Amino acid sequence: MPFINRHKTSCALLILTLFCTITFAQPSPLKSSSKIKTKVRQLLAKMTLEEKAGQLNQYASYKNATGPISNTGNIVDEIKQGRVGSIIKVNGTVDIRIYQQAAMQSRLKIPLLFGEDVIHGYRVTFPIPLAEASSWDMEAIKLSARTAATEAAAAGINWTFAPMVDISRDPRWGRVMEGAGEDPYLGSQIAAARVKGFQGNGIGNLDAVMACAKHFAAYGAAIAGRDYNAVDMSERTLWEVYLPPFKAALDAGAATFMNSFNELNGIPATGNRYLQREILKGKWGFKGFVVSDWGSITEMINHGFVTDKKEAATAAMTAGCDMDMEGRSYIENLPRLVKSGKVSARLIDDAVGRILTKKFELGLFDDPFRFCDEKREKLIVNSPQSKQNSRNVARRSIVLLKNEKEILPLSKDVKSIAVIGPLAKAKKDMNGFWALPWGKTDETEPVSLFEGLRNKLGAHTELKYAKGCGVNELSKAGFDEAVNVAKDADVVIMAIGESYDMSGEAKSRSNIHLPGVQEDLVKAIQATGKPLVVLIMGGRPLIFNWTADHVPAILYTWWLGTEAGDAMADVLFGDYNPSGKLPISFPRAEGQIPVFYSYKNTGRPLVNVNDINYKSAYLDLPNTPKFAFGYGLSYTSFSYSALKLSSATITKHQTLHVTFTLTNTGKYTGEEVVQLYLRDRVASVTRPVKELKDFKKIKLLPSESKIITFEIDANKLSFYNQQMHWTTEPGRFDLMIGSASDDIRLKSVFDLVR
Ligand code: NOJ
């Protein structure tokens, strides 16, 4: 079977990088930070207070708004007056040039920054971030961000509002699709990979955009999973679970941060001094700048935190928010506030300085139009290379949930296939939420499952189709036709799930079961007795217990992007052996939410499921999720053996070397994500029953074995003690290595000693 391997992912990355470097080599912009500092100082000295406020002001163009537009005036006129520092929601070199030309007519000719939500691809769409997280493949994730950045930068964009690094343990929250799931360790690795992918060899290169780690902080913990809702969280959970991916993004060099719509423990994140000045710019030493979320400065009035825009501007600036996204609080109020002594001029200079520094680093002062090369845009955007990269990442993002009797992979010799379900021919839905709108092409370009199958199979395979029902409709009028089509075929492939607008910003849902009558359609098709494979597409973990219990083969494909259909066909027919693992637990019922693998043991743990009396348990549900974090099958099988620890004890200055043998015991080449979990048995602060501390994705030929090594140092054994100091405590640790958080194959213990 011709599997496409990791090697090809790296090759694609290399080709892409070479392509950009060779074709568009340009002198790189001013790099020396001391020279930039001097230039910034000189420029600040020339600026009026109004011009400084202008640099802190960001408007959205009138296109593709993702929030309420505050601006009623003429943006271009305001730019010429030096009242705007950045524009978002305009893309393409032609349009961007128009705005930049206006900036060049302002007194000081300070170039604009152009930002956009390049979340999972620019023109060519990649899998949604939660899907990519399922690959547990940092090279693939980097490739996705790299490709998106290369396209976006070629189209004039300097800055993406990604990665979203919010941990979320609540699949009701629609934005769970935009993150990396529930775990701080996995989330941190992915945050770093995405930042590195976007920023490439550094901002200022023509194929790089500034990354923006968002939303600082704790947005993913919105009460009841309702978007924009308040967050109430302990310091411990904040530091242990929600902050680590932000720190990882910062360490990877993220140029910017975005604050957040939510309040955290009573203080809106946008006006939160503790988060922005103390942690981010203080303790962590962040040198880039912070942008508000869309209108979030002004929204502090609704929060009940400030009375009016004047107070909102004061609170946000004092708290460390440098730029006002589409809110007008800064531009309307900061000059007056400084003059009246309410806001210190030093804070304004610091904020402006941070923004100007990035403009210098991007080379925009050398040439404000250096990202506006139409020829380059045409060559790079929507290129075959981008599409190939997208397909490559897409098939790595698919998770095989079930494969009874090895129905999969299907044979390419099959005579007839019934392709059934409301998403079988869907195209726009394949892109998912946060795909940039490209007009009519959204309806034509993404490869549907049906097309992917047609592309894959020869003329000897007949493909029959029936929609069966709508995604979120109650009519069963199409069931009979679907059943008849199924009866007539050798194999049935069903495509069900969510449409593109059912998960995303402001797309929270209280009922996350398969929408409409789709599960009834599955029941009707399953009753035909035909071999059945169900593909579930969507932006969040859905609940589909009947399907999970009765259908023999299930692939969770999420929303895979432009090349979705081809990627799914690659997996269905074994041209790629699925290797994805869930980055988030799948609940059995909404009532279990939040359900996650790293829970606390409690004083009354459930040890025996048959004895729930006075135990931490539900009367009506198991405690476990339907599908656990880290779970995902392959067409092959793997055995874990020969676990060895370099020592039974270590001190905090030593490193424990853990080795074991991984063997491919099946008949296909495949990749396994081996996962290392630890439990600190007794500590001055209780620790979770399991914490992911490392993982590796390993490719093996049939019968091949490899010795795998993990290294455990003090950092992996540390936690925040009662005084919130990051420290280790001597004691016993359980070591668990496995194929999923609920499929531990090797166990041992070791002691941390003084
Ligand atoms: C609001 C979203 O919360 C944020 O993530 C996004 O980047 C901005 N809108 C800009 O569209």
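**Ligand site**

I checked where the ligand sits, and it is in the largest cavity. By cavity I mean a set of points, on a 1 Å grid over the protein atoms alone, where a 1.4 Å probe fits but cannot get out; a molecule sits in one if more than half of its atoms lie within 2 Å of its grid points.

A note on ground rules: this is a predicted model, where local features need pLDDT of at least 70, side-chain atom pairs count only at pLDDT 80 or more, and totals for chains, interfaces and linings use all residues. Residues are numbered from 1 along each chain as its sequence is written, and side-chain values use heavy atoms, with hydrogens and water left out.

Next I looked at who surrounds the ligand. There are 13 residues around it, and Thr66, Asp117, Arg175, His215 and Asp293 come nearest; a residue counts as near if one of its heavy atoms lies within 4 Å. I sorted this shell into five nonpolar, two polar and six charged residues, with Asp, Glu, Lys and Arg as charged, Ala, Val, Leu, Ile, Met, Phe, Trp, Tyr, Cys and Pro as nonpolar, and the others, Gly among them, as polar.

Then I looked up distances from ligand oxygen atoms to side-chain N or O atoms. I got 2.5 Å for aspartate 293, 2.6 Å for arginine 175 and 2.7 Å for lysine 214. The protein covers 100% of the 290 Å² of accessible area that the ligand has on its own (Shrake-Rupley method, 1.4 Å probe).

**Sheet**

I found an open sheet of five strands in the order β4-β3-β2-β1-β10, with parallel pairing. β4 (159–160) and β10 (324–325) are at the edges with a single partner strand each, so one side of each has no neighbour in the sheet. Strands here are DSSP E runs of at least two residues, helices are H or I runs of at least four, and two strands pair if DSSP finds at least two bridges between them. β2 (residues 86–88) and β3 (residues 113–116) are joined by three bridges, and isoleucine 87 stands opposite phenylalanine 114 in β3.

Most residues other than glycine have a negative phi, and most peptide bonds are trans. I noted these exceptions.

- The bond from phenylalanine 216 to alanine 217 is cis, omega near 5°, and alanine 217 is in the loop between β5 (212–216) and α9 (235–242).
- Alanine 218, in the loop between β5 and α9, has a positive phi of about 75°.
- The bond from leucine 408 to proline 409 is cis, omega near -5°.

How values were computed: Polar contact = N/O pair within 3.5 Å; in protein donor to acceptor, adjacent residues only side chain to side chain. 1 Å grid on protein atoms, 1.4 Å probe; cavity = no way out; pocket = protein on both sides within 12 Å on 5 of 7 lines; lining within 4 Å.
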